[in-house]
Structure formats: structure tokens, C-alpha cells
Amino acid sequence: MTSASTPEHGQLAQALADGLVQIRDAATSDQLRGVVSALTGKKGPIASIKSSLGKVTDIEVRKELGQLVNDALTALGVANDGRSRELRAAEFSSQIESERVDMSEIAMSANVERRLGRMHLVTQAMERLEDVFIGLGFQIAEGPEVETDFYNFEALNMPPSHPARSMWDTLFVESDVDGSVVLRTHTSPVQIRVMQDWPPPIYAVMPGRVFRKETPDATHMPVFHQIEGLVIDRGITFADLAGTIESFTKAFFGPGFTSRLRPSYFPFTEPSAEFDIRRHDGTWIELGGCGMVHPHVLRAGGLDPNEWSGFAFGFGIDRMAKERHGINDIRDMYSDDVRFTEQFS
Amino acid sequence: MKILFSILREMADLPNDPDAVALALNSLGLAVEEMDVVGVPVPGVVTARIVRMEKHADAAKVTRCFVDAGDGEERHVWCGATNMQAGDVVPLATLGTTMPNGTEIARRGILGIDSEGMLCSEVELGLSDESSGILILPADSQLGVSPFDVLGIEHDVIFDLDLTRNRADCWGHLGVARDLAAHFGVPLRGPRIAALSHGSNKALDVTIDAPEQCGSFTISYISSVAVGTSPRWVASRLAHLGMRSINNVVDASNLVMLETNQPNHAYDADVVSSFRVRLATEGETLTTLDGQTRNLHADDLLICNGATNVGVGLAGVMGDLHSEITDKTTTLAIESAWFSPDPIRYSAIRHGLRSEASIRFERGTDPNAWQQAAERFVTILRETCPDVTLHGGATVVQTTSCPVPVSVDVSVTRIESLLGVHIESERIVSILNSIGFATTIKGDVVTSIVPTWRPDCTQDVDLIEEVARHFGYDNIGKTVPNSTVHGRLSNMQARRRILRRVLVGLGLDEAMPSPFLAAGDLATVGLPEDNVLRIANPLVAEESILRTSLRPGILRSLRYNQSHRAPQIGLWEIGHVYPKSDQQLPDETEQLVIVVAGGDVETSLAQWNAICDALSVGTQLDQSRIPAGLHAGRSATLARGKKVVGVVGEIDPLVLDILGIEGRVSILEVDLTVILNEEPKPVQAKDINRYPSSDLDLAFVMEDTVPASTLQRALRQAAGKQLVSIDLFDVYRGKGVAEGFRGLAFRLRVQGVEATLTESQLAELQKSCVAAAVKAGATLRA
């Protein structure tokens, strides 16, 4: 600022000081708008000072005063913004106070207390298993639930009248040839269908519904679910089977779990095994059966056992859900009773 | 299958550690289901004779027994049992004895008179699961000693094995002992055979008329037999293994079978001195040992007295009641045969009679076990009949169906490439030899002669499994395959998951009712029952029909919940239906059903819209075809072109009334094979049209019989490419609109494609829309 002090200097300083006081004193937003438009309008004090600047002869002084006018307007604008926010905040706070609600009351109202549906526990378990196997590089295959004797038994190395057929209590479907159509007793027939339909290498799991002629009790249902795994590739070994079961165990149950194989017998695999899972506490759960795909089964699937080898495994899905949720009676899981269902979000 | 530790240890020098043996059994695939320690002596329990018994006038239910435990002291014991008499020798638990169930015998009194111990039953001594009173010991028993010693009860361990179908050989202790001996690397002795003096040769006539069913029939002749009671150890072992002691001959026969897996039958050789094996004739009968008279079938195999051709046994299943040996029997003809498994299995099934013998024959026995069995039989019998003689020259008749040892080759390379582990070839040979597979190696090829007790082993993978079992599954490493396949869901599976999540998002719970229906279930919900498949052998009649629709099941679940005070529920199911087809298998498809109690036609249409949106599919609503079982005025079919893919609307109120369901029920049923298998192409983007749009609000009056969709279609066509959206924003019936008509108000949002629409263009568009509406049967509402 130059040392020059004109009457305009004084007027401007006074107008600015007055204006700031008026803005500070405005009590409502409306009043503030009036004050500000009076101060900065065409007839306001700043405007009149600005219009008188033409009379100032000293160009430097005039320039300086012009700048001071702009600064004053800016200062008033800043003051207006600040006060305006203060006033609106005060005004909204009363609105906010008047709109206060009891959130817990609303939370309990019928409009808000709306739950999503539930997937059946078996479906939940099935999807979890599928996801783990997808992560391990498997695809998912499906097959019919009503099957021919060929797929359910014969192609699985159980020719007609094979004694091992009695390992499954079979429900037969009436057909032209007695006993030729069954409700599949396991998901294993899908193995044959996949071998016939998919070109190897095959890495597939086959979840689905299976049937047994079994009276329902706390641990058995005539209709339940299994998941079957099939790997067909060149040079697949029993060690690959053990390693895949181990990978699955860790991926599905957690890193602290391990698995073991024990010799067993199934007509469609050889060598055959049961596989057990070891829990954190050192106890073992018997999970399912597995083994190297029997050469007769590979041939039934249209594959040459000299070129391809593979393994298969299978276990119950219902039991997974039962164990996971501590269900005492498996019949509850199939009751469709919402009092049971809605527990499981 | 129960296996006794003591018998195993007689057959091989196994470690005296039942837990270690159990672990070994499990690792060999002979799964131990249960392990029971039996015959543990109870210290403090001694034999005592009841000297006299008295009743007390005030204690009717108990008896005062005065006993002598051999020490000359008379003790008084109260006893609640009634089966004992003065003079009987009984077990006495003396004061301070801790019984197997944990209770301690203390001085307890009745009516102020103390009891100085307790007389024991078999249950109380831990000898049995049931008993009927005090255990009465042999009258000549020494007093003051352990009753366990008196009874010859051996402290033993029973392994209850869950045998797999392939291990026929392990139905005898010998097979189990062989596997264990190989596992522990100790020699297999087999059952103990005494040095026997063979009598003169004695052969009996045997004729086999059914060579396919009977592969081998052997008769060993035994003389100087005296039928009596068994030695205690024999009775004890049989009891542990779940069989009752009958007499020394029958017990020897049974024990030999349990030990060697060779079922055998002892005939009185003076009564039956020649044999004929033939098929039964229709109408022939036989009374089996269980007292049942059985009508025989032409496929039943019969063992006959060669002299009379009358049946003396249903081959492989059970003997004839009237041909049992008697107290007077002194000579025996021991039959040990090999029968074809299948005919025996069918015979046992036909007669509902699975005997210890049939269980073994139907799995496959060893045709060469007969001699060892006969020698073991005589060894056991000699303990009670010191002069018993096994005569030489046994009759052995074999037919072409008799199994012979087979030779199987497998290469070391194949073993290693299938198991994924390196095993020394010497190890392979020694493993196979140790379980009786006579094995040699030449270069890479291992050749094994499979013993006749292992009918399950016929090809190379069978040998590989044997090698793997004895090498130890735990010793084979864990690797993962080098896969080139990528894990993923198929299009259909991914879309099914989207669908499930939409349904959950709509607040609907998944149900999983039984897929089996009762006769009439379909008719009840208004659906035809003529294309159903039936289960030939249903568990119960109410579950004999395979569903052709998900509707009966889910409505049952809905009603169940309604009756349990859950009136407002929505359920869905994705599941298969199985209508009959002209093929061997049904026309099995995957379906979706949704029902909502209290829901109406709007509910189900909204659900369908959400599903269509999520899956990028669309269908036409056709109300002209009324779906069976649905509300005739509030339901429609969903069609894609000419194909019906589902139904939507409400359940017929009559159906609900029959089912006892209250209120409306909305329903949506969709055939998912169509909807989920579609692969919608990616939508191609259109540029945002930045010209201002205008709304044309047009209200019409139209007869109720014409669907609103007809008018909408006409307006849509008339507005053409300028149309952005069309919404039915009001439907009005009432004052100002004639009966049988309704007002329909549409808002059409229109927009120029290349420039803002001018007033005159808008007016022109409105005019053509109205004209189209009029043509469709509507009039512009005043």
C-alpha cells in the first residue's frame, strides 16, 4: 500500500468494517441475504465508492483504490459464506432435532426386518465343496438320477448277479426289463458318462442326489447326496490320489487337518481305499472311499487302460452339513421346517 | 466277523499287544469295528457250594444261602435269584471284591442280618450280556478257586472286523493270521494239528450229478467217536465267537469252520455211508436243522444219502434235521465241499436262510482246505475222544468247476507307475510269497500263482493291491498330478448359482421335499398321473411314484409350515422330475418351483421378472392357455416361441381347499433345461442419446377381454424407434368407464434419434399412436 491516504480510503475502510458487523449480526439466512445484497448491490456503499473513483486523479492511487474495492468485496463474500454456513447449520439443527427417531424401533418394524431366503444346508455344502474342487482344478459334471443298470452297476465292474451289488440297497424303477432301471445308488455312474462324453484328460467332480432303499433314521435317509471325483490322465498314480485327497482336506477343512488312506474294497477301483480325516484334536473321521480306477471301468468308459490311468473318490455331502452345523438328526435337515431352516443365515 | 486274539496267536507268533494288532489289521484293510476284552478274571470271586438255603418270614423275595468256599467256614449270603439249589456250586463274590461294573461288595444287611458276599450271575461276572439267574458251575468243581479257571474261560480279545466283500479268506481266522504274520514278518503256523494215527483207508461212495454247482466234495471217515460235551476251552471260544456249544462233534465242526474257513458237516457214517449231490426237484421238501420244512426249488443243490437218494442237507446252507448225529454215533463222515458261490447265494436268499456256511460259500471257499480241516477236526475231537481215528484214503471227487490256482503276471514297471512309488523287486516278491502267492521274477515280470483261498485275485491290479497293502498305504507318498485342466463352472452351472442367489435375495427359502409321491398326490394338485414311473420295490406305498412335478412336494412343505404357525413363507426348489418317456430312461429334467403362502399373481410375476432380468432371458405371457391346477383367471403359461417353459400365477383355490392351505398361494414353475442352458450374447452398448426426451401420456378405454399387452404392443410399434420406454401407469375401472371395460393409461417417453423432436413431430407421433390403439380395439379416453 502506498502512503497516500485519500478520503476514499477512509470511506472504504469504514464501509467494510460496517459491512462485516452487519453480516456478523444477521440472525437468519433471509436477513443475511438482505444484508449482503444491500452491501454489495449497485446502490450499496462499496458500489458508490467504486463509482467515485473516476474523480481520483492520481492513477497509482486510483489503481490502488480499485484493488482495495475488490479486496473489500472478497472479504465480505468470505464473511457471508462463513456466516451463512453458521446460520444454516443452526437452522438444520433444529430440523434434525425435530426429525429425531428411535432407530431400534425402526429396526424392528416389519418394513425393515426383512431377511433373505436360505439355501438348503445340503446346497450350501455342495457349493462349498464345488468351489474347493474348482480351486484344485476340477470341473463339475452332472448325470441323471434315474439310471440304467449298465451305468449304475455293470460298467462299474459289477456284471449282472455280481455279489458286490448287494453292497447297495437298490430301489428299482418299473421298466420293460425287470431290474434294468434303477434310482442311482451312488454318483459313480456319472464317472462312466463323463469318460464317454469328455475327451481326457478329465478332472471332474460329480455332486448329486442318490437313493437307497433305507428306512430313515437319525443318520440315514433314502434320498441323500454324494460327491464323486474322477481324474483320468496319463501317468496318474496312487500317490497322486493320496496327494489330491490331502490337498482337498487342507483346502476344505483347514491347514491343520491331514488325511490318510486305508485299504478297502470297491468293485470299481483297485487298489481301493477308505480315506479318513484327522481333526485338530487328533481324532479321525471316516470320510469316504477312493481308489485307482479299475481297468474294466476304464474300458467301459471307452478308454484304453494302457494309455490312461486315473483315480476316483466319493463321499457323502449330507454328513458334511450335519457335522458342520452340529445337527443331531438328519431328518430335521429334510423337514423343510422354517423353524429349522431360518437358523442358518 | 469276530476274530479271537488267542486263536490268531496260536496260528502265528504275533506280538502280545492287542492294540498293535488292531492297528495292523486296520492298515491291512481288515477294519476293526470293535475290540472287546473278555474273560477278565475278577479277583475275590471264588467257587462256593450252597450248603443249605432258608426263607425268612419277612423277606419273601430273597433267600438266605449258607455257602462253603472251601475253607470250612459257613458264610451267610442273601440272594434274590431263584434258580439255585442246595448242593450247587456257584461263584461267590467275597467281601471287598470290586465287580466288573465297578461296584464293591460290602457287608450289607437285610432285616438286620448281614450278607457276607454276593452270589454272581454271568452278567455280573462280565461273561455275557444276559443271564437268567446265578451261574451254576459243574457240581464237581473245586471250591475256593476262580470260577474262570473252573470254566476254562480264557482271558481273550475279540476283534470285530468289518470285512470287505473281496476278502473271502478272512471269514476264517487263518486268513487273518496269514495277513498279520506277513505284516509282522513272522512265520504262519496255521491251526495246531496233533500227530494223528491214521487208521486203515476208508472211502465212501460219492456221486456228483451237478458238476457246475459242486466243484469238489470230500468225505473223511472218522471212527471211535463218543459224542459228549466239549472241552471248556472249545465252548468258551465258540461263546466268544457268538456260537452255542452243542456237543463235542458239532462244536469241533463249528470251530474248524471259524478257524479254517472250511464249512463242514459231520454225518453219522453208519446212517449215511454214501453220498449223491444233485439238484432238487420241484416239490421236494427238506426239514432243516432249525426245524423249518422247506419247499425246494429246482435250482437248490441237495446232498443226498446215496443209498436212498433222500436229502440229508441243503448244500452249503444247512443240514437236515433228521440226519443229525446222535448220542449213539460212533463213526463220522465229515463232508468238506466246494460249491459255486452264486447257486448257494440264491439258495440262501430263496429260503431266507443265511447260515454261517452259506455266508462263506457264497464268498468263495478254498477247495484245497478240506484236509487241514479234517485233521484239525480230529485234533479237537481227540481231547474228548482219545481213541478217535482219522482214516486215510478220504474220498475226493472234483469236477470241472473246481477252482485251480491261476498264474498272474505283472510287471515291476506297472506296479511302480500305478502306485507312484519305487519298490525293490525283491520286496515285491517277498510280500507276495509271504501271503502264499508263489512268486517268481524274470526280468521286469513278476509271476504269481494265486492260492485257491484268494478267488478275488485274478489279474495284475489284484497283485498290485496286495503289494500296496503290505508295502503300506502310508509308505506311498503324496503327490499331485500335473494337470492342464482349469477348474470352472459350466455356463449352466454358473447360471444356476445366479438363480439360487436371486431366489435367496427375494427372501425365499430352499426346500428339499422327497421326490417320491403317493398315488393320487399329482391328481390332488390337478396334474395328470398317466405319465408317471413307479418304483418296483418302494420302502412304503406312499413313496412309490417318481414325481413328474415339483408341485405336490413343495405344497406339502408349505402346508406343513402353515400348520406349524408359519403362515407367511415362500419356498423354492430346484430339482429333477422324471416323467415316463418312450426311451429306457425317463425324460428327466431340472425344474424350478416357487410358492408363496399369501402371495398372489403379482408376487409370482415380480419373481419371474427378477429372474428374467438376472439371467437375461425373456418369455411371452400366454393367458389363453390355462395351466392345469392353477387359478383359471389368474395364471398363464410362459412361452419362448412355441415352447412352453413354465407357468405363473396362483394355485387353483379348489386345490388349496383340498390340501387345507389357507389364503392365496402364488406359484412359478419353470423348466430350467431351457433357461439355464442359454448363453446370452454380451449386450452391445448404444451411445447415450443426448437430445431432450418428451413424455406422451395417453389414456384409453378398452374391453376387459383384450389383454393390455395387445394395446401396449400396438403403441410400441406406432412409436417406433423414437420410443425410449412405455409404462402402464394407471388402470381404472368404475365411474365414467362402462361395465366390462377399463381405462388404461400409458406414458410413452419418446426422443428424437438425430435431433430434438419438434412440436409438430410430437403431434404426428401422438396421432399415429392413437390411430394404432384404435385399430387394436381401444378408444381414446375423453
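The model is a predicted one, so local features need pLDDT of at least 70 and side-chain atom pairs count only at pLDDT 80 or more, while totals for chains, interfaces and linings use all residues. Residues are numbered from 1 along each chain as its sequence is written, with chains lettered from A and ligands numbered from 1 in the order in which they are written.

Chain B holds an open sheet of 5 strands in the order S5-S4-S3-S6-S9, with antiparallel pairing. Strands (E, at least two residues) and helices (H or I, at least four) are DSSP runs, numbered from the N terminus, and two strands pair if DSSP finds at least two bridges between them. At the edges sit strand S5 (74-79) and strand S9 (118-119) of chain B, each pairing on one side only. Inside the sheet, strand S3 (residues 45-56) and strand S4 (residues 59-68) of chain B run antiparallel and share 7 bridges. Here His56(B) stands opposite Ala59(B) in S4(B).

The largest core has 162 residues, and Ala204(A), Leu8(B) and Val595(B) have the most contacts inside it. Strand S4 (residues 202-211) of chain A gives this core its largest share, 7 residues. Another core, of 63 residues, lies apart from it and includes Val225(B) and Ala333(B). Beyond its neighbours within four places in sequence, Ala204(A) is in contact (C-beta atoms, placed from the backbone, within 7 Å) with residues including Phe138(A), Val194(A) and Leu230(A).

Helix H7 (residues 341-350) and helix H8 (residues 356-363) of chain B pack at about 145°, their axes 7 Å apart. Axes are lines fitted to C-alpha atoms, for helices over the stretch in contact, and angles run from 0 to 180 degrees between N-to-C directions. Among the residues that meet are Pro341(B) and Ile344(B) in H7(B), and Ser358(B) and Phe361(B) in H8(B).

Finally, the two chains touch through 73 residues from chain B and 70 residues from chain A. H12(B) supplies the largest share of chain B's side, 6 residues.

Terms used: Core = buried A, V, L, I, M, F, W, Y, C linked by C-beta atoms within 7 Å. Buried ≥ 20, exposed ≤ 12 C-beta atoms within 10 Å, placed from the backbone.
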